[in-house]
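Please load the model in the viewer and display it as a cartoon.

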Amino acid sequence: MREAKGDISMKLGVFTPVFVNRSLDQVVAKLRSLSGISAIEFATGGWPGRDHVEVDALLASPHKLDDFGSQIRDAGLTISALSCHGNPMHPNRGTAREHDEAFRKSVKLAEKLNVPVVVTFSGCPGDSDEAKCPNWIVAPWPPEFLETLEWQWDKKVIPYWQDAGTFAADHGIKVAIEPHPGFVVYNVETALRLRAATGKNVGVNFDPSHLFWQGADIPVTIRALDGCIFHVHAKDSALDAANVARNGVLDAKSYRHLADRSWLFRTVGWGHDELVWKQIISALRMTGYDHVISIEHEDALASVDEGIESAVAFLSRIVLHDPPVEPWWT
């Protein structure tokens, strides 16, 4: 592990899809009202949509681009990332093309806005060139499972991300892949496998909520990803002990069936306590992470304002906004 930097100063931000029913002006006003928030992460395509960013218009018009950037700067905010979570290797060619275009446009826009990172998913192909749906494989047997998994990586995943990673690097943008079940990159091992095959410009958007329920130790995963974490989401998850005891942690029931699921996404602090999140922030600091902790709200048990305001208050007690002083004894 690298020695922790003495000038690390993390910032708190918010990811915009939660404000789908509000205008950009309303979103900016809301974030300005939240003490401690100084960054914003915009959705620019894929499944999160792009409700607050006219990507094509900004790419086509320097005037609109300047106005957009000025609005964010004048509000005292910086843009931590552009996010276009999608599946650019979806067996449906139309979906794959749409998500690939969203990624490449997001990279171009990030370059123009001086945003360092584009966030997305790794994607997941099908089980053959004739497939119609993605096929997420998490078991090596029967033997055709492992054979198909290797085909996915060798023929689809690595070639796509070698090209897409180079495209982003050519524009000066880092790619932060969010490990997420359902896609080929879903944990530390698969994230490192993709990075090893594609280069150091492809890293991780670290979201603990997807790793908690898989049984991962979050500080351990952070240390394993030392130097690979380009962006961080602050989102929690809570496991239901009775449902886990009966069914285990794999759960494909609708997120609407709250009481029956083995786990749920929660606002930070409602799945794991302050000590756990202090350990997470400390682990990030020790690996040298000095970018934004971006709050993502997907808690079905909390309203938009309740969830965001609770997360801001919780994290403001934990995240150090100013550089720490050098210890006198070093």
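At what angle do helix α1 and helix α3 pack, and how far apart are their axes? Select residues 24-32 for α1 and residues 62-74 for α3: the angle is about 25° and the axes are 10 Å apart. Axes here are lines fitted to C-alpha atoms, for helices over the stretch in contact, with angles running from 0 to 180 degrees between N-to-C directions. Helices (H or I, at least four residues) and strands (E, at least two) are DSSP runs, numbered from the N terminus. The two helices α1 and α3 are therefore roughly parallel to each other, a term for angles under 35 degrees.

This is a predicted model, in which local features need pLDDT of at least 70 and side-chain atom pairs count only at pLDDT 80 or more, while totals for chains, interfaces and linings use all residues. Residues are numbered from 1 along each chain as its sequence is written, and side-chain values use heavy atoms, with hydrogens and water left out.

Leu-24, Asp-25 and Val-28 of α1 meet Phe-68, Gln-71 and Ile-72 of α3; contact means heavy atoms within 4.5 Å.

Now select Thr-16, in the loop between β1 (11-15) and α1. Thr-16 is buried, with a relative accessible area of 2%; buried means under 20% relative accessible area (1.4 Å probe, protein chains only). Leaving aside neighbours within four places in sequence, the contacts of Thr-16 include Val-27, Ile-40 and His-52.

Move on to Pro-48, which is found in the loop between β2 and α2 (55-60). Pro-48 is also buried, at a relative accessible area of 18%. Not counting residues up to four places away in sequence, Pro-48 touches Phe-15, Pro-17, Ala-43 and His-85. For a distance check, pick Leu-258: Pro-48 and Leu-258 are 210 residues apart in sequence and 22 Å apart in space, C-alpha to C-alpha.

Finally, select strand β3, residues 78-83, where 5 of the 6 residues are buried. Strand β2 (residues 37-43) runs parallel to β3 and is joined to it by 5 bridges; two strands pair if DSSP finds at least two bridges between them. The bridge partner of Ala-39 in β3 is Thr-78. Strand β4 (residues 117-120) is joined to β3 by 2 bridges, and these strands run parallel. Leu-82 stands opposite Val-118 in β4. Trace the chain from β3 through helix α4 (residues 93-113) to β4: this β-α-β crossover is right-handed, meaning that, with the strands pointing away from the viewer, the path from the first strand over the helix to the second runs clockwise.

Conventions:
Buried < 20%, exposed > 50% of the residue type's maximum accessible area, 1.4 Å probe, protein only. Parallel < 35°, antiparallel > 145°, perpendicular 65-115°, else oblique.
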